[in-house]
Amino acid sequence: MDLLLRDIILLAKGMGIGFAVAAPVGPIGMLCIRLTLEKGRLAGFCGGLGAAVADTIFAICGIIGITALSGLIEAQRQWFELGGGLFLIAFGVHLGLKQPISPSASGEVPQTLIADFGKTLALTLANPVTILSFMAVFAGVPGLVRLEIGLVPILIGGVLVGAAGWWLSLSLGVGFIRHMISRNALIWLNRIAGGLLVAFGFYTLAHVTAVYFWPV
């Protein structure tokens, strides 16, 4: 019974971490809101699920800590940031110029769900610095610094469930008001989401340039 309680507590910790990391509404959050408004709750949730899977991958790297994988990413961090920044800018421009899809009668567009999942997965993975955030969080939560390897899947499963729970809550909430949003509002939402992605991309490029290529 003590072991079961330990596993439940560890799972709850992972869920809390996953929910907290996913909750801030940034460019990915705006993108998932746009997906929900244009295509319905299922599309928005699938988009958020892509971000949740990416966060889970980062969480795995974070809990591993100073292993070869995290060391490789840190050693080649400037190239990851450079590629990620360019990708964010390109996708942001594409999104800002994209015309919104009018909501269908059924409210869902299932044939594009895999694409919606893939877009947010790729965009979230374009910022591998999140690994450091997870490492910092894990280091600050009691009992996670020297976690037994056999318990890692429980923690990581909790992170995935927590992050997915946030995106499910967001998509359900936004889905209730999607038919109240005008087409003009969707156009501006595209522009705002695209602008945030472009701004974040330029910030990433500025950071990698200042730190790695032309340090002051």
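Buried means under 20% relative accessible area, exposed over 50%, and partly exposed in between, with a 1.4 Å probe and protein chains only. The model is predicted: local features need pLDDT of at least 70, side-chain atom pairs count only at pLDDT 80 or more, and totals for chains, interfaces and linings use all residues. Residues are numbered from 1 along each chain as its sequence is written, and side-chain values use heavy atoms, with hydrogens and water left out.

**Helix α6**

- Helices (H or I, at least four residues) and strands (E, at least two) are DSSP runs, numbered from the N terminus.
- In α6, the buried residues are L113, D116, T120, L121, L123 and T124.
- Helix α6 covers residues 113-125, which is 13 residues.

**Nonpolar cores**

- A nonpolar core is a set of buried Ala, Val, Leu, Ile, Met, Phe, Trp, Tyr and Cys residues joined through side-chain atoms within 4.5 Å.
- The largest has 15 residues, of which A59, I63, F134, F138, L147 and L155 touch the most other members.
- At least two residues of this core come from each of α1 (2-22), α3 (41-64), α7 (130-140) and α8 (152-175).
- Apart from it lies another core of 14 residues, including A51, A52, W167 and V174.
- Contact means heavy atoms within 4.5 Å.
- L147 is in contact with L10, V152 and L155, leaving aside its neighbours within four places in sequence.

**V21**

- V21 sits in helix α1.
- V21 is partly exposed, with a relative accessible area of 29%.
- Not counting residues up to four places away in sequence, V21 touches D55 and F134.
- V21 and T130 are 109 residues apart in sequence, yet 9.3 Å apart in space, C-alpha to C-alpha.

**Cysteines**

- A disulfide is counted as a pair of cysteine sulfur atoms within 2.5 Å.
- The count by this rule is 0 disulfides.
- The closest cysteine sulfur to that of C32 is in C46, 10.0 Å away, so it is too far for a bond.
- C32 is buried, at a relative accessible area of 2%.
- C61 is also buried, at 6%.

**UniProt record**

- An unreviewed UniProt entry lists "transmembrane region" for residues 15-37, 49-73, 79-97, 121-145, 151-177 and 189-214.
- Positions follow the numbering used here, feature names are shortened, and annotations may be inferred rather than shown by experiment.
- In the model, residues 151-177 are 89% helix and 0% strand, with end C-alpha atoms 41 Å apart.

Notes: The expected span of a helix is 1.5 Å times one less than its number of residues.
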